[in-house]
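Please take a moment to look at the sequence and the model on the screen before I walk you through them.

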Amino acid sequence: MVQLRGVIFGVAVLAMLGGCAKPPQNGPTTSRSAYTQEMPAKADEKEQIARTLLTGNSDPKVDPVRTASISPQLELRRSGQALEGRTLTVSMQKDIQLAKGEFVLTFDDGPRPGKTEKILDILDDHDVKAMFLMLGRSAQSHPGLVREVAKRGHTVGLHTHSHGDLTKMNIAAALAEIERGERPVVAALSPINKTPAPFFRFPYLAQNAQLRTAVKNSGYVIMDVGVDSKDYYSDSADQVRQRTLNRMASAGRGIVLFHDIHNRTVKMLPQLLKDMEARGYKVVSLVPGEQPRFKSVVQLANN
């Protein structure tokens with residue numbers, strides 16, 4: 001009798017366990033795919049969270065992203081959405097309207113072998129575009145680098161031929177120096193059917209009202225500076241980075257001045273971009289609108 005009771009008890013337990021393993025017979029069916037059907041509940045929740053963070057939309061019918069096992073921050077970085085900002089078309093000064101947290105990265109005095117191409121690679125790693133305001137003499141010496149900057153999708157602007165202080169020249173001589181600096185850049189870009197943008201920056205940021213008016217009347221857009229990194233100081237890379245971040249925080253937005261001729265700038269740039277991303281900043285690209293017909297130097301000097 002005891003053995004019979006033991007058998008009956010064992011059969012009952014097996015029946016109960018078997019029942020726990022079976023799916024409900026009379027419940028609503030789901031339309032989940034085989035992939036998601038095999039995922040445990042917690043993984044499914046991760047998928048929904050990741051989808052919401054990446055797209056702002058948790059509805060799989062609208063955006064069926066499968067990212068449960070991928071870090072949302074990593075996915076954002078891969079797609080370039082974390083730091084890459086708008087592209088602004090600029091035909092005149094007033095077109096440069098930046099929102100809070102938006103910055104334009106600019107590099108003066110290049111191109112410089114061993115540095116400019118490294119900066120291009122760093123910018124590519126973060127999927128952002130910058131502006132390179134080139135000296136005519138540098139473009140003349142390194143036309144291949146000029147073309148490489150343009151091929152990578154960056155904006156090429158102008159910065160005179162030899163980086164002289166234009167305020168120490170008469171108007172005609174100053175404008176002739178600008179025109180002289182433009183010619184080698186035009187020649188370097190000609191083989192790839194590109195032209196420099198009519199964006200100009202004064203060397204040393206040195207200017208006066210008369211000179212500024214003459215340059216504007218030529219059809220150039222002057223690239224003023226809102227955040228000066230002062231990377232031309234003999235400081236460490238980390239000092240340059242921290243100073244730039246502090247000035248960005250104070251300014252809130254603006255055009256940032258760097259130089260692609262210094263090792264310290266190359267060294268600090270990767271971490272700076274990571275810091276900008278962490279702070280929620282955006283890198284805005286400026287591109288030219290319709291190319292103006294430039295007036296002659298004689299016409300400019302008479303204005």
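Let me begin with a definition: helices (H or I, at least four residues) and strands (E, at least two) are taken as DSSP runs and numbered from the N terminus. Counted in that way, the protein has 12 helices and 9 strands. Please keep in mind that this is a predicted model, in which local features need pLDDT of at least 70 and side-chain atom pairs count only at pLDDT 80 or more, while totals for chains, interfaces and linings use all residues. Residues are numbered from 1 along each chain as its sequence is written, and side-chain values use heavy atoms, with hydrogens and water left out.

Now for the protein as a whole. I will call a residue buried if its relative accessible area is under 20%, exposed if over 50%, and partly exposed in between, using a 1.4 Å probe and protein chains only. By that rule, 42% of the 303 residues count as buried. The accessible surface, computed by the Shrake-Rupley method with a 1.4 Å probe, where for residues only the protein chains shown count as cover, comes to about 16400 Å², and 52% of it belongs to carbon and sulfur atoms. If we take contact to mean heavy atoms within 4.5 Å, then among the contacts between residues at least 6 apart in sequence, 74% join residues at least 24 apart.

E290, in the loop between β9 (282-288) and α12 (297-301), has its C-alpha atom 8.7 Å from that of V90, although the two are 200 residues apart along the chain. With a relative accessibility of 75%, E290 counts as exposed. D127, in turn, sits in the loop between α5 and β3 (131-134), and it is 44 residues from L83 in sequence but 7.7 Å from it in space, C-alpha to C-alpha. D127 is partly exposed, at 30% relative accessibility.

Let us turn to helix packing, and to helix α5 in particular. Axes here are lines fitted to C-alpha atoms, for helices over the stretch in contact, and the angles run from 0 to 180 degrees between N-to-C directions. Angles under 35 degrees count as roughly parallel, over 145 as roughly antiparallel, 65 to 115 as roughly perpendicular, and the rest as oblique. How do α5 and α11 lie relative to each other, roughly parallel or roughly antiparallel? The axes of α5 (residues 116-125) and α11 (residues 263-278) come within 10 Å and cross at roughly 10°, so the two helices are roughly parallel. On the α5 side the contact is made by K118, I119, I122 and L123, and on the α11 side by V266, L269, P270 and L273. To sort such residues, Ala, Val, Leu, Ile, Met, Phe, Trp, Tyr, Cys and Pro count as nonpolar, Asp, Glu, Lys and Arg as charged, and the others, Gly among them, as polar. This contact then divides into 7 nonpolar, no polar and 1 charged.

Helix α5 also meets helix α7 (residues 143-151), where the axes again come within 10 Å and cross at roughly 10°, so α5 and α7 are roughly parallel as well. Here T116, E117 and L120 of α5 touch L145, E148 and V149 of α7, a set with 3 nonpolar, 1 polar and 2 charged residues.

Next, some details of the backbone. Most residues other than glycine have a negative phi, and most peptide bonds are trans. Against that background, a cis peptide bond joins G110 and P111, with omega about 0°, and P111 lies in the loop between β2 (102-108) and α5. H163 has a positive phi, near 65°, and is found in the loop between β4 (155-158) and α8 (171-189); at 13% relative accessibility it is buried. L205 also has a positive phi, of about 60°, but L205 is partly exposed, with a relative accessible area of 33%.

I will finish with a charged residue in a helix.
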